[in-house]
Amino acid sequence: MNPAAPAFPRRRSRAALLLLALASPAAADEGIAFFEQRIRPVLVAHCHECHSAESAKLKGGLRLDTRAGWQRGGDSGLPAIVPGQPDESPLIQAVRHTDPDFAMPPRKPRLPDAVIADLVTWVRLGAPDPRTGDAGPARRADRSWWSLQPLAREFAHDSIDGFIAARLAERNLRPAPPAGPHALIRRMSYDVTGLPPTAEEVAAFTTAFAADPAAATAALADRLLASPRYGERWGRHWLDVVRFGESNGFERNFIIDDLWPFRDWVIRSLNADRPFDRFITEHLAGDVLGRDQPDTEVGSAFLVAGPYDDVGNQDPAAKAAIRAATLDDVVSTTAGAFLGLTVGCARCHHHKFDPIPTEDYYRVRAAFEGVEHGRRVIATAEQRAEFAAATRELNAELAGLNREIDALDRAIDLRAKASLAERTFPRPKMDPVGTEEPFAEVEARHVRFIIRNNTEVPGRATPRPRGRLATRGGGRLTEFEVWSVDGRNVALAAHGGRAEGARGAVAEDFPEAYGPQLCIDGAHGEQWFIGQPAELTLTFARPERIHRIAFRNSKDRGRPEGQAQGATPCEYEVQVSLDGQDWRTVASSADREPWSERVGLERLRPEVITPAEEEQLAGLERQRARVQARLNQVPKLPQVWAGKFSQPAEPTRVHKGGDPARPGDPVAPSSLEVLAGVLPGYALPPDAPEGERRLALARWITAEGNPLTPRVLANRVWQHHFGTGIVDTPSDFGFLGGAPSHPELLDFLARRLLHHGWRLKPLHREILLSRTYRQSAAHRPEAAALDRDSRLLWRYPPRRLGAEELRDTLLAVTGQLRLEPMGGPGFRLYRYTQNNVSTYFPLDAPGPETYRRAVYHQNARASVVDVLSDFDLPDIAFAAPRRASTTTPLQALTLLNHRFTLDLAAAFAARLTGPDPVGDAYAVALQRPPSAAERAGAQRLVADHGLAAFARALLNASELLYLD
């Protein structure tokens, strides 16, 4: 015994005494008694209303009326109670009100301390609970979910067909007989290349197939997979998955003209059969892996290929929200494209349906904190060196000239500053909300407002004017008034006034926008954007006696001056004339207090500069212009919209409720807990270098033991061969996603993909040569009654051509498709205009310059493109892992009557110059001869309406548009 200890016994708490009691043989009974006396009444009184089978609406997916209920937990995926550990138990944290956002009971006072102490004691005792019953129907997945398990290593079958046959047998179904050579070559050609076979190719294959079907089919698959058209077809599939779009979306939706190198890189990579683990890594960290290697570095353009809001909101809260939404796009697309997880649903709270905690979302976000949208130079080391050599001396010369000019400007400014300090100005500075200039009464029919300078706009540099009488555009005015002595605004258009002046902005879709006439409309909304020369000339209906002018640059008379819309003229002259030839100045800003020191120095500059200094400055400016012109002639290094990267200044924090204004605990860049126990994780320090964060995430996604990535990829390959994936929600392998129709087959395909070193072409080949793929599409009512959509593949599922396939087919069969050159800047099927926002007008009559493969179309977000949009081209505001397939009247009308179809029908008819135009047309379009009835009908149509009408009808044939 410690001699320093007191002699009297310690008082023990009730909890301690109970714990000692439970060490006895009767411990279990006493624990149950404690639960019945102290705990069950509390749960019934305070918890069952929201967390029991009798709840009108079960809150948070948590039941507390059974032991199984709290053991399973709610939407967070965590047990509500950790027996023996009250401090780690979410239930105890909730009743203690540890987190105000997680306080229980909600919207009610905290439970009494004694009640909370009983709950803590109960948990510390191991949470004895005699209640039976289940936890209710599963509302979410846990870590035992099928897609989160390791890939199987042993299989009941050694081929695709074995798995398919076994599932068919379970439903008493049988596969269809083999497809004929005509159907097979059309099917395979479209699936692999997105283009129809030629009549000659069909004839050659039919002959080879008759001699040896297996060898002919294998040779066909090899030929198609080696075609450069393969990359164009499958590249389009992948661009849908990664939400590739060539405008930024949102309010302004400006076009992006330098993202096409990423599209071309995708096509080249697929044609080269680049291992997909490397392909994925280059998406996330190509700039890290391949500095000065454009064919690697450009892959990271994936990060900024999605929409982002560039409105430049200066409000800190709005700015943070925009930034959070921008990174959410990157996080959600990364998780969906590569892992098939809806991680974005964990941004505001733990995932409601999958075992993804909120922290997982922010672990991924931490990898992307340094990503900014924008363009950067992507060039080889040799290109950079050549450019540096070509510009080094010119840049040095330019820098020297700039130093001379700056030194001379500073000397002049010093004298101007001294002069300004000695001046006093009788009138206040002009006011953007409203400025008046009175002058002596004068008769005039014309007024000219000459603008010498404008107010500053925060965050925007203001160039220095050159020349004593220079004018400066760039400002704005909402209204300009000229007042007669009898109190009329004679400048108003309503009174016969006219306004002339250069515009600094043009809106192609609204020719009147930004014009000077807006200054005399009597309204306070639209503005004149002042161009160069910066002069406003007003002409009245007749000569008037005038005595003052007024102007403003505020859309609201009550708007504070700091809220003026853009720069406002602040240095000016007012001139008048009767005939428009002889002008005299009647007012100016010369005696007003300057708007700012800069404006004041520029006002006084002509007074203090010497003729010698003017001559010297003019000479230096001429030299600088010559050097700059030579620099401009040096070919620029290529730039790509591939993002810019910088080291994050602050650690990533959980946003409570997804709100950036409510930062929570910091989160370091690390792997997702959702795969803990299946795949070794990683954790980087909070200040890890920016590039290492993305590279570590990429390597974890493509790690050997990650079961999600190969499953998701194998499913995407299967999807585009059979129309539907084994999992029909290709970017969601979670609880709300589709159940796999053939789970063992999916793992088998994933293993085959890994066996082939992550290369897609060998996997394509296995699928293309399988009996399942080569079977007929013939319909059987008895089989359709059991499996309407042929998910079990009792036949090959027929399908309509996709948007790009359809357009490419029309061009191909009419002889108008231009396959070369591949790549490069895309073509547009719209007219693009840009003002503050962008407008996309569909072309009514697209010309031959647009007759390229549709994958090279410059797809802008929120734009409607005739033919393509009609046939379900997705709007790439979001990823489109599975396209819709609709049937609408507009599709038939467009295909029959659009100028595109009519032009191609005429071109098709022009090809039919042989003795048998009907037979030639069928051979080219459908790769078969016409039947006797078809030939007779076609000949009657040609005789009555001409070849062009027949060609137009054939381009609308269902057989052309559908595959079986």
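Which helices do the buried residues of α30 pack against? They pack against α27 (899-911), α28 (917-926), α29 (932-945) and α31 (958-961), in what is a predicted model. The protein chain has 964 residues, of which buried residues make up 51%, and its secondary structure comprises 31 helices and 18 strands.

**Overall dimensions and contacts**

- Taken along the principal axes, the C-alpha atoms of the protein chain fill a box of roughly 120 × 105 × 60 Å.
- Among contacts in the protein chain between residues at least 6 apart in sequence, those joining residues at least 24 apart account for 73%.

**Helix α30**

- Helix α30 spans residues 947-954, and within this helix F950, A951 and L954 are buried.
- These residues lie on the same side of α30, because the arc they cover around the axis is only 100°.
- The spacing can be read against a general rule, namely that an α-helix has 3.6 residues a turn, so residues three or four places apart point the same way.

**Nonpolar cores**

- The largest nonpolar core holds 153 residues, and the members that touch the most other members are F262, F368 and W718.
- Once its neighbours within four places in sequence are left aside, F368 is in contact with L284, L303, R323, L327, V330, V331, T334, R694 and L697.
- Another core, of 31 residues, lies apart from the largest one, and among its residues are I451, W528, I549 and Y572.

**Largest pocket**

- The largest pocket contains about 1,700 Å³ of space, and of the 49 residues that line this pocket, D99, D101, F102, M104 and H350 are the closest to its centre.
- Two or more residues of the lining come from each of α2 (27-46), α4 (90-95), α15 (358-367), β13 (652-655) and β14 (663-667), with α4 giving the largest share, five residues.
- Divided by class, the lining of the largest pocket has 23 nonpolar, 13 polar and 13 charged residues.

**Second largest pocket**

- About 990 Å³ of space lies in the second largest pocket, which is lined by 42 residues, the closest to its centre being G723, T724, R799, R883 and S885.
- The elements giving two or more residues to the lining of the second largest pocket are α10 (228-241), α20 (708-722), β15 (799-800) and α25 (803-813).
- The lining of the second largest pocket divides by class into 14 nonpolar, 13 polar and 15 charged residues.

Terms used: Residues are numbered from 1 along each chain as its sequence is written. This is a predicted model: local features need pLDDT of at least 70, side-chain atom pairs count only at pLDDT 80 or more; totals for chains, interfaces and linings use all residues. Side-chain values use heavy atoms; hydrogens and water are left out. Buried means under 20% relative accessible area, exposed over 50%, partly exposed in between (1.4 Å probe, protein chains only). Helices (H or I, at least four residues) and strands (E, at least two) are DSSP runs, numbered from the N terminus. The arc is that of the directions from the helix axis to the C-beta atoms. Contact means heavy atoms within 4.5 Å. A nonpolar core is a set of buried Ala, Val, Leu, Ile, Met, Phe, Trp, Tyr and Cys residues joined through side-chain atoms within 4.5 Å. On a 1 Å grid over the protein atoms alone, a cavity is a set of points where a 1.4 Å probe fits but cannot get out, and a pocket is an open set with protein on both sides within 12 Å along at least five of seven lines; lining residues have an atom within 4 Å of a point. Grid points are joined across faces, edges and corners, and a volume is the space filled by probe spheres set on the points. Ala, Val, Leu, Ile, Met, Phe, Trp, Tyr, Cys and Pro count as nonpolar, Asp, Glu, Lys and Arg as charged, and the others, Gly among them, as polar.
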